[in-house]
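This briefing goes through one protein chain, topic by topic, for a reader who has the sequence and the coordinates at hand.

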Amino acid sequence: MSDIRFRLLTLVLLSVLSFVSLFGAAAVFCWWIVFGAKTTFAKNSWKVVIPVSIFVGLFPSVVLYFTGGDVFYGAKIFVLVLLAFWFSASLLSGELMSFFVWVFGQGSGFDLGMAAEFSVQAISEIREDFLHMWSALRIKGQKFSVLAIPSLAAGLLILSLRRAGVQSSLLARRGYISGGTYVPVFSPAVFDFLMLGSAVFLYGVLLV
C-alpha cells in the first residue's frame, strides 16, 4: 500500500527543487527514473508520456529563445510534467477523499474530497473514451488527423457532460447538500519513507 500524504509532500519538495534550479531539475529527473518511472509507465504508455512531456517543455523554451529568456526553462517544465504523470499514476481510489477529510474535516473536506474523486474519475473516463474513439477510427480504416480533433473533442465533451448530469442527479435524489461522514484510511509503506527521505535529502543538499 501507499500513503498519499508522503507522496504529496514528496511532490511539493521535488517540484520546488526542479523549478528553482536547473541542477535541481536534473537531480529530480534522476529521482523520477529511480522511484517514479515504473509507476508512471504502469498506467501510461511511453508513447503518451514522452511526447507530451517533450512538447510541453519544448514550447516555452522556443518562445524564450526568441525573446531572450532562459532557454533551459523548458527542461524544468519537462521534469515537472514527468512528476505530474507519476503522481497521477500513483493515485488510488479514495485516497483524495481520505486526504481532504484528514486535512479539512468532515464538512468542507468531504466536499473537496468528493469533487476531487469525481474529477479523477472523469479524467480516467475521458481517456477511455478517447481510446475507444481511436480504435473506432482504426476499425473504419481512417487515420487520426488534425481535422478529426474538433469532432473528437465535441464527442468527449458531450459524454463528460452527460456523466456529470447523471452523477449530480443521483446526489440530488439522495438528498445530498454538503458534508458527510468518511473515515480516512492511510497505509504508509517503506517505499513511501524512501521516496520522501530521498526528496528531503535532495532538497536539503541542493536548495538549502
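**Helix packing and pockets in a predicted model**

Helix α1 (residues 4–20) packs against helix α5 (residues 95–104) at an angle of about 80°, and their axes are 10 Å apart. Because angles of 65 to 115 degrees count as roughly perpendicular, α1 is roughly perpendicular to α5. The model is predicted, and this applies to every value given here.

**Contacts of α1**

- On the α1 side of the contact with α5 are Ile-4, Arg-5, Arg-7 and Leu-8, while α5 brings Glu-95, Leu-96, Phe-99 and Trp-102.
- Sorted by class, the contact of α1 with α5 has five nonpolar and three charged residues, and no polar ones.
- Helix α1 also packs with α4, here at an angle of about 175° and with the axes 9 Å apart; α1 and α4 are therefore roughly antiparallel to each other, since the angle is over 145 degrees.
- In the contact between α1 and α4, the residues from α1 include Ile-4, Arg-7, Leu-8, Leu-11, Leu-14 and Phe-19, and those from α4 include Tyr-73, Lys-76, Val-79, Leu-83, Trp-86 and Phe-87.
- The class count for the contact of α1 with α4 is 12 nonpolar, four polar and two charged residues.
- Ile-4, Arg-7 and Leu-8 of α1 are among the residues that meet α5, and Ile-4, Arg-7 and Leu-8 are also among those that meet α4.

**The chain as a whole**

- The secondary structure of the protein chain consists of eight helices and zero strands, so that the order of elements from the N terminus on reads α-α-α-α-α-α-α-α.
- Taken along the principal axes, the C-alpha atoms of the protein chain fill a box of roughly 55 × 50 × 30 Å.
- Of the 208 residues in the protein chain, 33% are buried.
- Among contacts in the protein chain with a separation of 6 or more, 74% are between residues 24 or more positions apart.

**Leu-92 in the loop**

- Leu-92 sits in the loop between α4 and α5, and Leu-92 is partly exposed, with a relative accessible area of 37%.
- Although Leu-92 and Ser-2 are 90 residues apart in sequence, their C-alpha atoms are 8.7 Å apart in space.

**The largest pocket**

- The largest pocket holds about 880 Å³ of space, and among its 24 lining residues Lys-43, Asn-44, Ile-123, Ser-124 and Arg-127 are the closest to its centre.
- At least two residues of the lining of the largest pocket come from each of α3 (46–67), α4 (73–90) and α6 (108–139), and α6 has the largest share, with nine residues.
- The lining of the largest pocket is made up of 13 nonpolar, seven polar and four charged residues.

**The second largest pocket**

- For the second largest pocket the volume is about 170 Å³, and 10 residues line this pocket, with Ser-2, Arg-7, Thr-39, Phe-191 and Asp-192 nearest its centre.
- Two or more residues of the lining of the second largest pocket are given by each of α4 and α8 (190–206), and α8 gives the most, with three residues.
- By class, five nonpolar, three polar and two charged residues form the lining of the second largest pocket.
- Arg-7, listed close to the centre of the second largest pocket, is also a residue of α1 that meets α5.

How values were computed:
Residues are numbered from 1 along each chain as its sequence is written. This is a predicted model: local features need pLDDT of at least 70, side-chain atom pairs count only at pLDDT 80 or more; totals for chains, interfaces and linings use all residues. Side-chain values use heavy atoms; hydrogens and water are left out. On a 1 Å grid over the protein atoms alone, a cavity is a set of points where a 1.4 Å probe fits but cannot get out, and a pocket is an open set with protein on both sides within 12 Å along at least five of seven lines; lining residues have an atom within 4 Å of a point. Grid points are joined across faces, edges and corners, and a volume is the space filled by probe spheres set on the points. Helices (H or I, at least four residues) and strands (E, at least two) are DSSP runs, numbered from the N terminus. Ala, Val, Leu, Ile, Met, Phe, Trp, Tyr, Cys and Pro count as nonpolar, Asp, Glu, Lys and Arg as charged, and the others, Gly among them, as polar. Axes are lines fitted to C-alpha atoms, for helices over the stretch in contact, and angles run from 0 to 180 degrees between N-to-C directions. Angles under 35 degrees count as roughly parallel, over 145 as roughly antiparallel, 65 to 115 as roughly perpendicular and the rest as oblique. Contact means heavy atoms within 4.5 Å. Buried means under 20% relative accessible area, exposed over 50%, partly exposed in between (1.4 Å probe, protein chains only).
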